[in-house]
Amino acid sequence: MTEIDAKTDGLVPAWLTLPDIAEMLGVEVTRVRQLVKEGQLIAVRRGENRALHVPAAFIDGDKVVKGLTGTLTLLRDDGFTAEEMIEWLFTPDPSLPGTPAQALSENRGTEVKRRAQALAV
């Protein structure tokens, strides 16, 4: 797992630990680790104890935000690292408006995926 720099860390308004996510999703922590391993979530090491954290915006109540997994796949296929994916998802895009992460949480995943696909060109 990647340890992120302070600039990228500052882009994300809130973070959740893997046990927090497990509780929200109603699953075991091992299942959350599997979601990270499968690329359905991004986890990075941060904080003084370097624990794994996931941006809180990636969780919507008791599920992973719709469209996130596909977007992460596109970004990964474009060669993005976990840190670069987080930076892209949380950097404001005036054409959306807002950030790609906000657009995903507002069920505007098609627009986000279109922009992610354009990065490969």
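What follows is a chat about a predicted model of a single chain.

User: Hi! Before I look at any details, what is the mean pLDDT of the chain?

Analyst: Hello! The mean pLDDT is 92, and 97% of the residues reach 70 or more.

User: Nice. Which elements have the lowest and highest mean pLDDT?

Analyst: Strand β1, residues 2-3, has the lowest at 66, while helix α3, residues 29-37, has the highest at 97. Where pLDDT is low, predicted coordinates should not be read in detail.

User: Got it. How many helices and strands are there?

Analyst: The chain has 7 helices and 6 strands. Starting at the N terminus, their order is β-α-β-α-α-β-β-β-β-α-α-α-α.

User: And what about the radius of gyration of the chain?

Analyst: The chain has 14 Å, which agrees with the value near 14 Å for a compact globule of 121 residues. Its C-alpha atoms fill a box of roughly 35 × 30 × 25 Å along the principal axes.

User: What share of the residues is buried?

Analyst: Buried residues make up 40% of the 121. As for contacts with a separation of 6 or more, 58% of them are between residues 24 or more positions apart.

User: Switching to annotations: what does UniProt list for residues 4-59?

Analyst: An unreviewed UniProt entry gives "domain: DNA-binding protein Rv2175c wHTH" for that span. In the model, residues 4-59 are 41% helix and 21% strand, with the end C-alpha atoms 20 Å apart.

User: And for residues 65-120?

Analyst: There the unreviewed entry has "domain: Rv2175c C-terminal". That stretch is 64% helix and 0% strand, and its end C-alpha atoms lie 23 Å apart.

User: Let's look at α4. Which of its residues are buried?

Analyst: In α4, residues 68-77, the buried ones are Leu68, Thr71, Leu72 and Leu75. They sit on the same side of α4, because they cover an arc of only 100° around the axis.

User: What covers them?

Analyst: The cover includes β6 (63-64), α5 (82-90), α6 (100-105) and α7 (109-119).

User: What follows α4?

Analyst: Gly79 comes after α4, and its phi is positive, near 90°.

User: New topic: how many aromatic pairs does a search of the whole structure find?

Analyst: The search finds 1 aromatic pair.

User: Is Phe58 buried or exposed?

Analyst: Phe58 is buried, with a relative accessible area of 1%. Phe90 also counts as buried, at 6% relative accessibility.

User: How about Asp93, where is that?

Analyst: Asp93 lies in the loop between α5 and α6. Its relative accessible area is 18%, so Asp93 is buried under the 20% cut-off. Leaving aside neighbours within four places in sequence, Asp93 is in contact with Gly98, Thr99 and Arg115.

User: Last one: where is Ala14, and what does it touch?

Analyst: Ala14 is in the loop between α1 (6-11) and β2 (15-17). Not counting residues up to four places away in sequence, Ala14 touches Val54, Pro55 and Ala56. At 36% relative accessibility, Ala14 is partly exposed.

Definitions and conventions
Residues numbered from 1 in each chain as written. Predicted model: local features only at pLDDT ≥ 70, side-chain atom pairs only at ≥ 80, totals over all residues. Heavy atoms only, no water. Helix = DSSP H or I, 4+ residues; strand = E, 2+ residues; numbered from the N terminus. Buried < 20%, exposed > 50% of the residue type's maximum accessible area, 1.4 Å probe, protein only. Contact = heavy atoms within 4.5 Å. UniProt positions renumbered as here; feature names shortened; annotations may be inferred. pLDDT = per-residue confidence, 0-100. Arc of directions from axis to C-beta. Phe/Tyr/Trp six-rings, centres within 6.5 Å; stacked < 30°, edge-to-face > 60°. Rg over C-alpha atoms; globule rule 2.2 N^0.38 Å.
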